[in-house]
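Good morning. Please have the structure open.

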Amino acid sequence: MAEAVLITTDDLEPAVRLRAAFEADGQRVELLAPGEGLSDALAEPLLVVITGGLRERRARALITAARERGRLPVVGLTEPTEPTGRQICRQLGLSECFPKPIDAEEVALVGRRLIQREELREITGIVGETEAMEEVLERVVQIAPVNSTVLILGESGTGKELVARGLHALSPRRHRPFIAVNVAALPDTLLESELFGHEKGAFTGASDRRKGFFELANGGSIFLDELGEMPLGTQTKLLRVLEEREFRRVGGEESIRVDVRVIAATNRDLREQVLLGAFRRDLYHRLNILRIDLPPLRARRDDIPRLIDGFIRLFSAQHERPFLGIEPEAMRILVEYDWPGNVRELRNLVESMVVLAPGRVIRPEDIPAEVRFGSRREALLPVPVTIGHGKPGEPPAADAAQPPAQLEFILRTLFDLRMDMDDLRREFEVYRTRQRDDMAIPAGVGGYVPFSQPLAISAPIPVPYEPVPEPAREPEEGTVVFRPGKTMADMEREAISAALLHSRGNRRRAAEMLGIGERTLYRKLKEFDLDV
């Protein structure tokens with residue numbers, strides 16, 4: 001059966017203009033006369049436009065019939081005296097509302113996007129009716145037709161690859177290859193060869209010429225998942241592909257031009273990676289042209305029942321196991337859980353329930369303890385603990401449970417203290433080694449410590465004897481000087497400044513010279529307000 005946009009003729013004047021606008025946009029249109037319903041249409045409806053009063057019996061019947069068909073979008077035209085807005089639309093069960101008099105071209109444009117949104121749901125399996133997911137779907141529909149690079153951000157398990165496949169499926173490249181690459185799953189030594197290919201004899205084991213993923217995706221799209229794991233050397237080559245649309249195979253001399261749309265995704269904060277020197281700044285700005293942020297599952301809890309229902313139907317058919325449903329209390333537990341693994345974790349749990357509990361209703365006791373009791377916070381501790389007075393395996397008493405945020409804060413503080421102690425221990429070992437190997441250098445007034453080796457001082461230098469006065473002299477560049485009155489913080493600040501000066505602002509080299517980790521150096525830069 002052919003598909004068409006159905007427009008009611010209760011208000012004939014806008015119906016005629018809407019028919020012309022939709023047909024000009026390439027859509028087939030069928031008009032519904034007063035008294036006709038969706039079952040009277042000769043075509044399968046893609047979209048329903050109600051031109052008459054939205055609170056009348058006929059309008060309510062059409063909206064109800066559209067709901068029974070699943071996610072069939074419905075657009076309503078409101079009278080000047082009727083309220084409009086997204087909230088009113090949702091209360092009436094409509095996808096969009098337009099106040100009269102209407103702009104027919106605008107209604108046709110929005111209608112086409114609603115049709116594409118439902119097509120996207122059908123192709124990718126993306127489920128979500130919350131406002132956050134509606135915005136994501138709308139963003140995908142807007143971005144899909146163009147060729148610009150797209151950056152998808154979101155936690156693991158939020159569906160980044162589904163969104164990437166949706167972008168490709170709605171684009172003009174839909175009939176060309178779509179290649180997904182998990183950057184984190186490839187060793188650094190093979191990543192460049194896999195992406196760009198290699199010539200025969202380029203390295204040990206390269207017995208033949210091989211095309212890389214970019215060549216294989218020519219004319220289509222390539223999805224680079226976990227891009228934040230890409231080493232700096234490969235980032236440089238990727239930047240050239242994005243800017244010049246060409247590259248060379250490993251061991252090759254000939255430049256190869258490609259027409260590929262790059263869709264990248266990561267669960268890392270790339271801006272922080274740029275500050276740490278782990279990700280190229282120019283590549284970040286080149287990727288961050290069009291951006292889609294996927295919300296975590298805990299930020300769209302209203303979608304959880306719909307996701308569960310969809311997974312139940314999927315796995316019941318796949319495993320041929322009858323599933324009678326979930327008790328309301330069990331569903332409440334699933335909705336209130338934070339789902340650190342997001343949709344992937346929910347999918348795996350539903351599959352296990354379908355397989356392990358066929359032919360009966362799921363009750364709260366059938367749900368794993370870490371979900372039922374929210375004991376994910378307990379799993380952060382090195383040993384099992386019981387919060388409150390309950391026995392192990394039993395839910396804690398309501399008046400004795402500790403707030404999750406408070407417990408998480410305590411654990412994070414303990415972890416940071418542990419890291420600081422490790423850093424101090426390493427710094428002290430470096431200082432003690434220097435003192436043992438360089439006994440000729442006085443540690444008192446006027447003592448100079450040449451900055452030729454890594455140095456990190458975290459405590460005032462002891463003065464075991466009366467220092468011998470020396471002639472005043474200017475310290476050499478890259479030298480840290482200790483004088484009475486200087487504190488540990490002063491010495492640390494000077495040491496860090498000297499290391500950055502010596503390494504010309506390279507934080508990684510500066511951290512190696514100081515004998516500390518990049519994370520500690522980054523924290524010290526913020527602590528001392530050093531602008532590099």
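Rings of Phe, Tyr and Trp (for Trp, the six-membered ring) pair if their centres lie within 6.5 Å; planes under 30 degrees apart count as stacked, over 60 as edge-to-face and the rest as tilted. By this rule there are five aromatic pairs.

A word on the source. This is a predicted model, where local features need pLDDT of at least 70 and side-chain atom pairs count only at pLDDT 80 or more, while totals for chains, interfaces and linings use all residues. Residues are numbered from 1 along each chain as its sequence is written, and side-chain values use heavy atoms, with hydrogens and water left out.

Now, how are F196 and F214 arranged? They are stacked, with 5.5 Å centre to centre and 10 degrees between the planes. F196 lies in helix α7 (residues 188–196) and F214 in helix α8 (residues 213–216), so the pair ties together parts 18 residues apart in sequence. Helices here are DSSP runs of H or I, at least four residues, and strands are runs of E, at least two, numbered from the N terminus.

F196 also pairs with F247, and this pair is tilted: 5.4 Å centre to centre, 45 degrees between the planes. F247 is in strand β9 (residues 246–248), 51 residues apart from F196. Together, F196, F214 and F247 form one aromatic cluster.

F196 and F214 are both buried. F247, at 3% relative accessibility, counts as buried.

Last, the charge. The charged end of R372 sits over the ring of F373, 4.5 Å from its centre; the rule asks for NZ of Lys or CZ of Arg within 6 Å of the ring centre and within 35 degrees of the ring normal.

Methods: Buried < 20%, exposed > 50% of the residue type's maximum accessible area, 1.4 Å probe, protein only.
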